[in-house]
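Visitor: Please take a close look at a single part of this model and describe it in one connected account, with the cut-offs behind each term.

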Amino acid sequence: MEESYQKMREFSRVDAVIPLQVRLICPEERQKIKARIFGEVSFFSAPVDEPADKALAQWIKLINSKLDYLISLWSLRQEGFCELPLTEVNISGGGMSFISHVCYSKGDILELKMVLESPQSIAMFVYGEVVKCERINNSYKIAVKFINIDEDIRDYIVRFVFHRQRQLIRQKREI
């Protein structure tokens, strides 16, 4: 346990406020969990020749990008990402901690539905195993290590951490 906890410290950490919702995973679901980015949608259609008119081609690309954005926004809203409560967290590529009104047991698996901005917003489902639950007044400080996570998703989290650290450095310089 101590060795895996030390491994989590291999990643830079940062305090942030992010949209986050936590859900306890029941034992029956544990075999099916895997971190994933939400909203990766691809449409399969026959390739279309680009119009000869360059201005028209640019307008079509602009309209397509706006449609992609609206579809993505609608999907996020449908899945409830737009209503996630803002939560203070301490996050790294290895795990995160946050304050909860729910007490979880060491070894519980949690689904962490969150949105990270680095600088574009990425909605994701990440899973974490509870490594610590510490009572603080009427709440609990929960620490989780990420599990079943691809390196691509971990990279998004690490990019968020570095983006947030740069923001904090800029804020200190302005003071």
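**Cysteines and a paired strand**

Guide: Cys26 is partly exposed, with a relative accessible area of 29%, where buried stands for under 20%, exposed for over 50% and partly exposed for the range in between (1.4 Å probe, protein chains only). This is a predicted model, in which local features need pLDDT of at least 70 and side-chain atom pairs count only at pLDDT 80 or more, while totals for chains, interfaces and linings use all residues. Residues are numbered from 1 along each chain as its sequence is written, and side-chain values use heavy atoms, with hydrogens and water left out.

Cys103 is likewise partly exposed, at 47%, and its sulfur lies 3.6 Å from the closest cysteine sulfur, that of Cys133, which is too far for a bond, since a disulfide requires two cysteine sulfur atoms within 2.5 Å. Across the whole structure, the search returns zero disulfides.

Two strands count as paired if DSSP finds at least two bridges between them. Strand E3 (residues 86–91) runs antiparallel to E4 and is joined to E4 by three bridges, with Asn90 opposite Ser97, and the two strands form a hairpin with three residues between them. E4 also pairs in the antiparallel sense with strand E7 (residues 139–147), over six bridges, and there Ile99 stands opposite Lys141.

Technical notes. Helices (H or I, at least four residues) and strands (E, at least two) are DSSP runs, numbered from the N terminus.
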